[in-house]
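Below are a few exercises, each with a solution worked through in steps.

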Amino acid sequence: MEKELLYPLTNKFRFDQKLDGLWDFKFDEGKIGQQEKWTLGLPEAMQMPVPASFNDFFTDKDSREYTGDFWYAKRFFVPESLKGQMLGLRFGAATHRVVVYVNGQEIRQHEGGFLPFTADISVAVKFGAENLVVLKLNNELHRDALPAGDTGVLKNGKKIAKPFFDFYNYSGLNRSVHLIALPQRRITDYTVTTALTGTAAEVNYTVTTNQPTATIVVALRDERGVEVATAQGEHGQMKVAQPQLWQVRDAYLYTIDIQLMDDSSQMIDEYQDQIGLRTIKIKGHQILINDQPVYLKGFGRHEDSIYAGRAFDLNVEKRDFELMKWMGANSFRTSHYPYDEEVYRFADREGFLIIDEVPAVGFKMAAASFLGGLDQSFFDGNWTQALYKKHLDQITDMIHRDKNHPSVLAWSLLNEPDTSSQSAVPYFEKLFKDTKSLDPDQRPRTFTLNEDDTFDTSYCKEFPDFYLLNRYPGWYHKWGYEISDGEANLREELNKWQASAIDKPIVFSEYGADTQPGLHKLPSVMWSEEYQIELLQMFNRVFDSYDFIRGEQPWNLADFQTVEGNMRVNGNKKGIFTRDRQPKEAAFYLRKRWLAIHNDFKN
Ligand code: BDP
């Protein structure tokens with residue numbers, strides 16, 4: 001059960017109940033919890049909402065900045081009627097590592113704060129009775145962990161998070177916790193891919209179960225509930241004549257219904273999900289969906305909002321989707337970690353394309369140095385072997401979790417790694433080799449190139465199927481009145497890409513200017529709303545001059561929290577929207593541009 005990541009649901013065979021709400025919570029600065037038997041309950045605990053990051057609720061800085069071990073606990077009732085089922089607790093995410101105890105018994109450990117995991121609690125659970133789950137979490141940052149950073153110790157003994165990345169180390173149970181019950185004999189996973197042949201679609205599927213002798217029956221139904229195809233067996237193909245394809249911003253979803261039958265044709269499990277029929281290809285410098293070229297318009301984003309930090313909040317998500325639709329966007333990147341599963345379900349329904357990113361961020365010492373760290377090549381470090389294992393683990397889980405979403409366009413395996421030294425190459429060779437066959441849909445794999453990693457300097461240009469460029473002329477260099485030089489330099493680099501033998505699409509995945517909402521200045525100065533628009537105009541002029549640029553995703557949809565620093569005024573202000581999701585002037589400018597640009601722009 002622990003490797004199973006199917007999204008929870010309730011039906012005749014399966015049970016799903018959210019354990020969200022108030023949990024007991026306690027910091028463990030002295031690391032006494034284990035010894036004091038907190039595994040049996042937290043003495044004098046405070047109350048903490050779940051899902052939420054604990055940080056921003058507090059009014060004192062030591063609590064907000066707390067780095068180290070901390071505990072959560074909750075009592076929950078397991079009805080007698082679930083007896084005989086496999087019982088599990090499914091955590092949407094726990095930052096960054098956790099040990100799970102149920103009724104005092106250690107069940108499992110997990111590392112990685114942005115992906116789900118399930119604890120099989122069958123051995124410890126009491127039926128028809130109250131049970132206790134206790135979690136020991138730890139939010140320290142390390143160079144051999146994702147996302148990468150250091151944990152410092154101040155002279156007063158307090159620990160401090162030193163991220164090598166530019167978002168706040170929001171911690172806690174940021175996503176829902178589910179109590180799930182599954183049949184003992186069950187469906188454990190499924191995969192679908194689509195091929196288009198003339199006027200039909202072929203849906204190729206694989207179902208895995210823990211019952212090799214059971215019969216698998218699969219059906220596909222359209223949005224009206226009409227059955228359009230069926231098949232039997234572990235692998236198979238369903239042909240859909242005259243299919244309604246899943247199109248960008250014009251989604252159509254079919255329901256896949258998987259049933260498991262025992263020897264006497266009794267149904268013993270059923271799983272239903274929504275899928276889309278579409279293909280993805282990279283051909284020359286085109287990104288093709290259903291063999292039609294698409295130009296990406298959208299954003300780099302963060303899961304970030306006031307009060308609850310990095311908690312998944314359906315309300316914020318709904319607002320973000322409404323904003324993106326209003327802007328005329330058709331895509332986004334889950335910078336810099338896989339988002340809550342609901343986000344992908346939203347995107348499936350709304351026809352957005354997602355570049356799905358693993359939390360391999362901070363793999364660059366210059367980023368650490370920007371934030372007060374060292375300056376050396378990241379991949380020369382002696383931590384890369386341990387890191388690699390975790391990195392591959394998390395890519396594997398991300399692809400496992402998200403592989404059936406029609407919205408997922410590509411996998412971003414890293415954000416801004418240091419590829420300007422030869423020492424990155426063996427890591428990349430191994431990473432791209434080891435991840436090659438993880439996705440049955442063979443989606444393109446890529447990573448973002450930091451602006452130090454240019455056409456001239458990057459040693460890793462051969463790896464991506466298409467390129468994501470993060471570029472900041474006009475902000476981190478050649479800023480203000482010098483922006484025209486910034487534009488000239490950007491064009492110089494792009495001319496080299498153009499003149500090269502490389503024929504792959506480039507998407508601009510980050511560019512932008514920090515902007516204080518309400519600050520106006522004529523003529524512009526940096527930080528003013530006018531300057532943000534001028535910078536976007538500059539980039540857009542450049543994008544429109546090169547045919548191989550096939551997408552634009554400015555940084556960021558909304559302002560977001562970061563660590564404090566002399567480069568940040570209460571967070572990163574490059575949002576096109578404020579942190580409370582209201583438009584800056586730039587939103588109106590960009591909206592006008594994007595509404596005039598169709599999905600097939602440049603074709
Ligand atoms: C890029 C990073 C992003 C930062 C952004 C910035 O990928 O996480 O927030 O720069 O500095 O380097 O605004």
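Predicted model: local features only at pLDDT ≥ 70, side-chain atom pairs only at ≥ 80, totals over all residues.

**Exercise 1: Phe-428 and the cores**

Solution. Next, zoom out to the largest nonpolar core, which has 88 residues. Phe-428 is among those with the most contacts inside that core, along with Phe-363, Phe-378, Leu-494, Trp-497, Phe-508 and Ile-576. Now ask who contributes: helix H8 (residues 529-544) gives the most, with 8 residues. At least three residues come from each of domain 1 (15-182) and domain 3 (302-595). Finally, look for a separate core: a second one, of 34 residues, includes Phe-54, Leu-89, Ile-107 and Leu-135. As background, nonpolar side chains in soluble globular proteins tend to be buried together.

**Exercise 2: Phe-455, buried or exposed?**

Task: find Phe-455, classify it and name its contacts.

Solution. First, locate Phe-455 in the loop between strand E29 (445-449) and strand E30 (467-470). Then check accessibility: Phe-455 counts as buried because its relative accessibility is 18%, and the cut-off for buried is under 20%. Now for the neighbours: not counting residues up to four places away in sequence, Phe-455 touches Lys-461, Glu-493, Lys-496, Trp-497, Ser-500 and Ile-502. Take Glu-493 from that list: it sits 38 residues from Phe-455 along the chain, yet their C-alpha atoms are separated by 6.6 Å.

**Exercise 3: a contrasting loop residue**

Solution. Val-569 lies in the loop between strand E32 (549-552) and helix H9 (585-596). With 44% relative accessibility, Val-569 counts as partly exposed.

**Exercise 4: a hairpin and the domain layout**

Task: describe how strands E20 and E21 pair, then find the distance between the centres of domain 1 and domain 2.

Solution. Strand E20 (residues 254-261) runs antiparallel to strand E21 (residues 267-275), and the two pair over 8 bridges. Met-261 has Met-267 in E21 as its bridge partner. Between the strands are 5 residues, and in this hairpin Ser-265 takes a positive phi near 60°. For the layout, the protein is divided into domain 1 (15-182), domain 2 (187-280) and domain 3 (302-595). The centres of domain 1 and domain 2, taken over C-alpha atoms, are 36 Å apart.

Conventions: Residues numbered from 1 in each chain as written. Heavy atoms only, no water. Core = buried A, V, L, I, M, F, W, Y, C linked by side-chain atoms within 4.5 Å. Buried < 20%, exposed > 50% of the residue type's maximum accessible area, 1.4 Å probe, protein only. Helix = DSSP H or I, 4+ residues; strand = E, 2+ residues; numbered from the N terminus. Domains from an automatic or database assignment. Pairing = 2+ DSSP bridges. Contact = heavy atoms within 4.5 Å.
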